[in-house]
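This report describes a helix and some ring contacts. The sequence and structure come first.

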Amino acid sequence: MAAAAASTYKDRQFLAVIGDEDSVTGLLLAGIGHVTDPPDAQRNFLVVDAKTENSEIERAFKSFTEERKDIAVVLINQHVAERIRHSVDTFTDPFPAVLEIPSKDHPYDPEKDSVLKRVRRLFGE
Amino acid sequence: MSGAVGREPVFPTRQSLGLMKAKLKGAEVGHSLLKRKSEALTKRFREITRRIDEAKQKMGRVMQIAAFSLAEVSYAVGGDIGYQIQESAKQARFRVRAKNENVSGVYLPQFESYTEEGVNDFGLTGLGKGGQQIQRCRETYARAVETLVELASLQTAFLILDEVIKVVNRRVNAMRMAESTNVYEASMLSFLEQRIPSNVCNLPYRIEQDLANTYQDINSELDELDREEFYRLKKVSNKKQRDNAAADAEILAARERAAEKAAQNGTPPVAESKEPEPETTDVLGEQEDNDVIF
C-alpha cells in the first residue's frame with residue numbers, strides 16, 4: 001500500500017450511508033442518494049431500525065466496502081457500527097473511508113470509534 | 001576470511017576497495033535520507049491525527065445542528081418525510097472527487113466535494129408546506145456532509161501514512177539489521193532501539209558496520225601485501241649484491257692466479273690472462289645480467 005494506485009480511487013465519487021431513518025433522510029436531503037442503473041438497481045443507503053437484522057447490515061457494509069468500486073466514503077451511525085463492530089474493526093483498507101457518525105438518539109462516543117482507537121493506541125494513551 | 005562475521009565476502013583488491021568505499025558512502029547517504037523521510041512523514045502523521053481529533057469534535061456539533069434542522073422539518077411538514085425522500089432519491093447531487101497530495105514522495109488522496117448541477121431529486125418535496133424549512137435543512141446537511149468528507153480524507157491519509165511509515169521505518173531498521181542471521185536478534189535489537197536512547201546504548205548499524213569492516217580489512221590486507229612485496233624486493237636486491245661481490249672476488253682471484261702463472265712461466269701475461277677469463281664468466285653465468293635485461 002506504499003502508494004495507492006490511482007485506479008483504486010479515481011472512480012470513487014459517491015458517499016454511502018448506513019444509519020437510522022433520521023440520519024439517512026438528512027443525508028439524502030443533502031443530495032448524496034444514488035441509485036444505480038436499472039438492471040441491478042442498487043441504493044447507496046440503508047435504513048436501519050430495531051427490526052433490521054444484523055446480517056442485513058453486515059451485507060450492506062460488505063457491499064459498500066468491498067463490492068462496489070464507486071463509493072469513496074461510507075458513513076455509518078455509531079450505534080449501527082456497534083452492532084457489526086467486528087466487521088468495521090477488521091476493515092482497514094484506506095478505500096473507501098469508513099466514518100462513524102453520531103445519530104440523533106445516540107451521542108457520539110470517541111472511545112468506540114475504530115480509527116480513534118487506533119490513534120489512541122499509536123500514541124499510547 | 002570470506003566467512004567472517006560482519007564482513008562482505010570479497011577479495012582484497014584495489015577494485016573491491018573502491019567498490020566498498022562507494023557502497024559505504026551510498027549506505028550512509030541512503031540511511032540518512034530514509035531517516036529524514038521517516039521523520040517528515042511522522043511529523044505529517046502527528047499533524048493529521050491532531051486534525052482528526054479536532055474534526056471528530058466538530059462533526060459531533062455539526063451533526064447535532066443538522067439533526068435539529070431535520071426535526072424542524074418534520075414539525076413544519078407535519079409528518080414523516082423519510083419514506084418520500086428515500087423513494088425519490090435517484091441521482092447523487094453531492095459527489096466527491098479524489099485528488100492527490102504529495103508528501104515526501106507519498107501520494108495522499110484527498111476528497112473534494114462538489115455538487116453535480118442539474119440534478120434535483122427533491123423538487124416536489126415540501127411543496128405543500130415546509131418548503132422553506134426543507135431548503136434550510138438541505139443546506140445544513142450539505143455543510144455537515146462537507147465536514148464529513150473532510151474528515152474522511154483525513155482518515156484515509158491517516159491509514160495510508162500509518163502503513164507507509166511502518167514500511168519506511170522497517171527499511172531504516174533493515175539497513176542496520178540486515179545480515180543479522182537471527183530474526184529474533186534483529187527484533188530484539190529494534191525493540192531495544194526504541195526503548196533505549198541512542199546515546200546510552202549505541203546499537204550497531206549493521207550494513208554500514210559491515211561495509212566499514214570490509215573497507216578496513218581490505219585496506220590492511222593491501223598494506224600487508226605492500227609490505228610483503230617491499231620485503232621481497234629488498235631480499236632480492238640483497239642477494240644480487242652478495243652474488244655480484246662473490247663474482248668480483250672470484251674474477252680478481254682468477255686474475256691473480258693467471259698473473260702468478262705467467263710470472264712462473266716467464267711468458268708474457270697478456271696472452272695467457274685472456275684465456276681463463278671467459279671460462280670463469282661462463283661457469284658462473286653472472287655476467288649475463290649486465291647485457292640481458294630480462
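A residue is called buried under 20% relative accessible area, exposed over 50%, and partly exposed in between (1.4 Å probe, protein chains only). This is a predicted model, in which local features need pLDDT of at least 70, side-chain atom pairs count only at pLDDT 80 or more, and totals for chains, interfaces and linings use all residues. Residues are numbered from 1 along each chain as its sequence is written, chains are lettered from A and ligands numbered from 1 in the order in which they are written, and side-chain values use heavy atoms, with hydrogens and water left out.

Helices (H or I, at least four residues) and strands (E, at least two) are DSSP runs, numbered from the N terminus. Among the buried residues of α3(A) are Ile57(A), Phe61(A) and Phe64(A). Phe61(A) counts as buried because its relative accessibility is 2%.

Rings of Phe, Tyr and Trp (its six-membered ring) pair if their centres lie within 6.5 Å; planes under 30 degrees apart count as stacked, over 60 as edge-to-face and the rest as tilted. Over all chains there are 2 aromatic pairs.

| Pair | Centre distance | Plane angle | Class |
|---|---|---|---|
| Phe61(A) and Phe91(A) | 6.2 Å | 80° | edge-to-face |
| Phe45(B) and Phe158(B) | 5.2 Å | 15° | stacked |

Phe45(B) belongs to helix α1 (residues 14–77) of chain B and Phe158(B) to helix α3 (residues 131–177) of chain B, 113 residues apart. Both Phe45(B) and Phe158(B) are buried. In chain A, Phe91(A) also counts as buried, at 15% relative accessibility.
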